[in-house]
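Work through the exercises below with the sequence and the 3D view side by side. Try each task before you read its solution.

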Amino acid sequence: MTSPAEAARFGWLRPDALAIAAGALLAAVAPLERFDYVARGLTASSLADAAPSAQVLLVTASPEALRDGLCERALPGLLERGRARGALLIPPADAFCAGPAVDGALNGDRALDGARAAPVVRMPPGLLRLSAGEVVGFSPLAGEERAAELAALGVSAAPWVIKKAPQSVPAVSLSALAEGEVPASALAGRVAVVGVGSGGVPPQAVATSALPPAKGVAAVLGGLLDGGRRASAPAWVPALFVLLAGGFVWVARRRHGSLVATAALFLATFALAAGQSALAARAEASLLPLPSTLFGLAVAFAGVMILRGIGVQRAVDRAAELIQRAALFRMQGVHTLPDEEFWPRVARLAEQAHPADLVLVAELPAGSWHLRFWNDHRGGEGLVAERRHDVRRPPYSSEQGVPAIRLARRFLTKQDMPAVVVPLIAFGEIEGYVFFCGPVAEATYSREPERAEHVGRELALLLRRKRLARTAEATGGESRAGHAPTDDLVEGARVALDDLQLFGSMLRNAPVGLLYADAFGDVRFVAPEFARWLRARDVTVPAESASSALPPGSLTLGDVLGATSAGSAAVSLSSVMASDDGIELSVSAPEPAVLSVRPLRRESDGSSWIAGYVAALIPVKQPAPVSGNVRPLAARDATDPLCAFQLGDVVADAVASAARATGRAVRLEPIRGATHALGHRGEVAQVLEAFLTDVASRGLPGHGPVVSVREATHGVQLSILDVGFGLGLPESALQRVLTAPGAAPAGLEPLGRLILAVEDSHGHAELKTNDGWGITLTVTLLKAHPRVGVAPHEGGKPAAQQNVIAIGRASPK
């Protein structure tokens, strides 16, 4: 895996950057040599100079004059009288002008005054450089014997020349010079280019009457003598241009998209043509290999557009795959679910949280008063006997039109099945309804009406979150209509990949068993340790998918909580919903552990809702091994430390729970004193509730237990008088419970557990048998002595210290 420094060092090695570099290399190498040659010639020809040439004179001789020997007789004298620089004979005129006089001039015969005669040179074959049928320059003739004479005329190697325009080269006919119609002084200082031309043409058409290549040679030689020599530009010039143009296209593609990048390409091409024209008109080594440069620019453009497009498409495909896998991890993505999946999952969640034979949920569409019913297993509409579905009428609202929780009959098609109607209200707005149907739901509602209220509140917040998220998504989609989605997709894939790796590492390396359930109560991730514990409890755990996640509905949080021995799944899930700190349950098999389940709450816009659940299976340290013939007592919950608590509040809660569970009266005498005791509060509360439930269920009708709590001088006393408890039991059985509470006789296990809890809290218990009045159990716990702190805080009132316990019934537990 590369380090950040190495990644930064080789960050330019990307397909688009490599394509730009390849294009620059092609422009420097110029592989299209043949086309580059033609392009340079066309460039030089297109820049022809229109100013009249003072260095060249085109002399045309008609075929008749050549046959009469006019050129052979008159040319040497005309060159001498006109003081010409020399003459260049263009084939086929050189065959008619090569007489004795001309040959003498070619051999360098001197005149009478001793001055060297003007050179008359025949144009050797291979001198001209042609492009597209036109003369563009002169080739080097280092090995030719006439190189020195050509150099005397100014003819030297020049690959390309900015030539003179044909109409700007002065031209006369040989007959006009010989007959004196044009003075010989017209040749002064000029090179006479002698070629074959048409006879009998007007003077203004003499130049155009010359046959090729005479007029082309005159135009190129005139440009050469006027400083029009041109050569190829250095190889780094086109390479630099491709680099700059490719970078310009890359920036345009990255910031503004493909259309602007294409426009940038055309702009770069226009700049290349304009720059070539401006450069060739002023500098000698300035002719670029235009085809090769354009080819390199095309390669760079293709790399920026095509290769980047391929890379983006691959990234988009990869991102789509990652986001699809990451969708299993989303806690706040409930609004992305279609209604056909969302509402049945809401029904499943409600079924886990509240006991019922049948659960229906009803959606209240925006701007409507009529409900739409959903169910987890089958269509909900066919189960409802009431057809109007108008939330302004009973049973959805009271006769006054106020929505409230109520018990409805004759609501379903099964007339004998009652239904608890729970409106889902969030911030004063109705989001929908949930219906808990059946005798089980009716009994639960009559016993614990607060459970339906709490479940309805949480479901309402879930529905409201879905509605607000969909509204925000629709509004955001309109505002981002012009934004390219690929950037967000790739960025989202990167974030999703980080989340996947982090979550997977957490599950694999956690020292305890972990479990995560989404907002619907469906378990989505379970650690191996937790899965083994569930399988030991005969809970079916499906195999993980390729993304290490469980599919929705394969395992629910209710199934997990149902595997514990602390109560039913419905009670446990509702307890989790009701507590921000969650619940902790002690489990003993296959190994002692503590199951901690907490809700994951999210807050936004002043509201709080459950976005998921997390559970941890924390093992309890095993006691030291004992002899095989000794049975150890049950281990106390390690998460329940010794602390000071108010025994009166614990007793009051236990009495209320026992009365609800048995349906019999359990009397609680007025509590006397502050009743602050020292002990293990959780353990005492749990075994006391189980003991009171047992004695209340076994008592005679109309004679339930009587409980009293008072503060005595030597401790805090709890007394339980039961006139029916112990009938028919020998006194030795009671004595056995006091002596060995961990091995109590059958039927007295709750009493034994209570005595063990009291002794663990450093207290003691007594049993007194009253003839004719049953049995009295007296429990004495150590009294906690609160101390009052005197240090004032910033407000001027005493500040409570860590060892201070407030006195009074209103003190916190």
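**Exercise 1: Salt bridges between a strand and a helix**

Task: find the salt bridge that Arg464 forms, and give the distance between the closest N and O atoms.

Solution. Step 1: Arg464 forms a salt bridge with Glu431, and the closest N and O atoms are 3.6 Å apart. A salt bridge here is a side-chain nitrogen of Lys or Arg within 4 Å of a carboxyl oxygen of Asp or Glu.

Step 1: Arg464 is in helix α17 and Glu431 in strand β15, so the pair ties together parts 33 residues apart in sequence. Helices (H or I, at least four residues) and strands (E, at least two) are DSSP runs, numbered from the N terminus.

Step 2: check the surroundings. Both Arg464 and Glu431 are buried. Buried means under 20% relative accessible area, exposed means over 50%, and partly exposed lies in between (1.4 Å probe, protein chains only).

A note on the model: it is predicted, so local features need pLDDT of at least 70 and side-chain atom pairs count only at pLDDT 80 or more, while totals for chains, interfaces and linings use all residues. Residues are numbered from 1 along each chain as its sequence is written, and side-chain values use heavy atoms, with hydrogens and water left out.

**Exercise 2: Two bridges to Arg467**

Task: which salt bridges does Arg467 form with Glu431 and Glu429, and what do they tie together?

Solution. Step 1: the side chains of Glu431 and Arg467 meet in a salt bridge of 2.8 Å, N to O. Glu431 lies in β15 and Arg467 in α17, so this pair links parts 36 residues apart in sequence.

Step 1: Glu429 also forms a salt bridge with Arg467, with the closest N and O atoms 3.1 Å apart. Glu429 lies in β15 and Arg467 in α17 (residues 449–479), so the pair ties together parts 38 residues apart in sequence.

Step 2: read the accessibility. Glu429 is partly exposed at 39%. Arg467 is partly exposed at 31%. Glu431 is buried at 7%.

Step 3: look at the total. The structure holds 22 salt bridges.

**Exercise 3: The sheet**

Task: in what order do the strands of the five-stranded open sheet run, and which stand at the edges?

Solution. Step 1: the order is β12-β11-β15-β14-β13, with antiparallel pairing. Two strands pair if DSSP finds at least two bridges between them.

Step 1: β12 (372–374) and β13 (406–408) are at the edges, each with a single partner strand, so one side of each has no neighbour in the sheet.

Step 2: zoom in on one pair. β11 (residues 358–363) and β15 (residues 429–437) are antiparallel over six bridges. Glu363 stands opposite Gly432 in β15.

**Exercise 4: Helix lengths and burial**

Solution. Step 1: the expected span is 1.5 Å times one less than the number of residues.

Step 1: α22 is followed by Gly663, whose phi is positive, near 75 degrees.

Step 2: turn to α11 (residues 214–225). This helix has 12 residues and reaches 16 Å from its first C-alpha to its last, close to the 16 Å expected.
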